[in-house]
Amino acid sequence: MSRLDCEGVRELLPAWQDRELANGEASAVAAHLSGCGGCREDEAALLRAWNAFRARRFGARVPDALGANPYAQPSWPVPLLGWVGLRGGFAAACAFAALAFATRPRACSQAPKAWSPAVEIAAFRDLGAAELVVAADPAPEPVLTFR
Amino acid sequence: MDFAQLYDDYHAKVYRLALDLLRNEDEAVEATQETFRRAYAARRSFEGRSSPSTWLYRIAYNWCATQLSRNRRRQPLPEDLVSTEPGPAARAESQELGGRLAASLEALEEDDRRILSLLADGELDYGGLGEVLDLSVTAVRMRVCRARRRLRDLLGREVLP
């Protein structure tokens with residue numbers, strides 16, 4: 001190989017190592033290297049320097065300030081607070097309110113009758129009570145005894 | 001776009017790129033945070049014509065280039081661009097490759113350092129580099145070749161026998 005050929009190949013060596021040559025050029029470089037010790041040495045020196053440069057970079061420690069991912073999304077419940085989540089929550093709240101309204105305890109149509117001894121006595125008479133004793137004060141509330 | 005996943009996948013790479021370009025850990029952290037903040041703000045306009053990594057690297061590179069030009073105006077002496085406080089990265093660098101290697105890398109020209117830093121993670125091919133730097137693939141190939149040969153010359157003489 002002539003010096004010009006070697007010079008041409010050496011110009012291509014970085015791109016050859018980076019796999020950026022077209023097939024024809026890559027084959028030509030490989031063929032030249034197989035028969036040229038000087039270019040092989042040059043290729044090896046290029047690679048050593050490049051590996052040293054890259055190794056120096058990978059030795060750099062990434063500071064803790066960058067370790068925590070500020071863009072990581074918590075799994076619960078923040079995603080549900082998005083627009084879709086808010087709409088769904090609103091619909092669920094409406095459905096719950098409608099259900100609660102439909103099943104609410106109804107007020108009695110008739111007011112409860114006030115307790116009356118006369119009414120109770122009449123009821124006991126209907127049952128055939130022989131004697132009815134009404135406890136007097138100081139009982140805290142009326143007591144009816146059925147005998 | 002799963003932006004949280006994008007952050008997990010690329011924040012370390014963006015930080016190393018920024019550290020390479022700015023050579024200051026605090027500024028590199030700020031550049032990384034700013035890169036993702038800008039990307040997040042523009043995520044809906046990302047059309048997918050380039051890869052997410054190319055898009056992020058372009059944002060990061062532009063931010064760092066702006067910072068570098070501001071630093072130059074603020075601190076005209078070249079040595080002032082380099083943090084004099086040895087941080088963890090610098091210590092690791094020293095342990096791993098030795099002071100002579102670090103000193104040799106400091107001698108890299110700014111343009112060479114930029115293009116090699118963008119290429120070093122393996123995320124960008126020459127086409128992606130062209131998108132980040134607004135260069136044709138042919139121009140990228142020439143610049144990469146020149147930068148790699150200068151790197152070889154710098155390291156090959158003394159550091160890497």
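The area buried between chain A and chain B is about 3,700 Å². Carbon and sulfur atoms give 59% of that area. Buried area here is the accessible area (1.4 Å probe) that two parts lose on being put together, summed over both. The model is predicted: local features need pLDDT of at least 70, side-chain atom pairs count only at pLDDT 80 or more, and totals for chains, interfaces and linings use all residues. Residues are numbered from 1 along each chain as its sequence is written, chains are lettered from A and ligands numbered from 1 in the order in which they are written, and side-chain values use heavy atoms, with hydrogens and water left out.

**Interface of chains A and B**

Contact (heavy atoms within 4.5 Å) links 35 residues of chain A with 45 residues of chain B. The rule finds 5 salt bridges across this interface. A salt bridge is a side-chain nitrogen of Lys or Arg within 4 Å of a carboxyl oxygen of Asp or Glu. A:Asp42 pairs with B:Arg149 in a salt bridge, with the closest N and O atoms 3.8 Å apart.

On the side of chain A that touches chain B, helix 1 (3-17) and helix 3 (37-58) of chain A each supply at least two residues. Helices are DSSP runs (H or I, at least four residues), numbered from the N terminus. Helix 3 of chain A gives the largest share of that side, 13 residues. By class, the side holds 21 nonpolar, 3 polar and 11 charged residues. Ala, Val, Leu, Ile, Met, Phe, Trp, Tyr, Cys and Pro count as nonpolar, Asp, Glu, Lys and Arg as charged, and the others, Gly among them, as polar.

| Helix pair | Angle | Axis distance |
|---|---|---|
| Helix 1 (residues 3-22) and helix 6 (residues 110-120) of chain B | about 170° | 9 Å |
| Helix 7 (residues 126-133) and helix 8 (residues 137-156) of chain B | about 100° | 9 Å |

Axes are lines fitted to C-alpha atoms over the stretch in contact, and angles run from 0 to 180 degrees between N-to-C directions. Helices 1 and 6 of chain B are therefore roughly antiparallel (over 145 degrees). Helices 7 and 8 of chain B are therefore roughly perpendicular (65 to 115 degrees). In the latter pair, B:Tyr126, B:Gly127, B:Leu129 and B:Gly130 of helix 7 meet B:Val137, B:Val140, B:Arg141 and B:Val144 of helix 8. That contact has 5 nonpolar, 2 polar and 1 charged residues.

Note on methods: Parallel < 35°, antiparallel > 145°, perpendicular 65-115°, else oblique.
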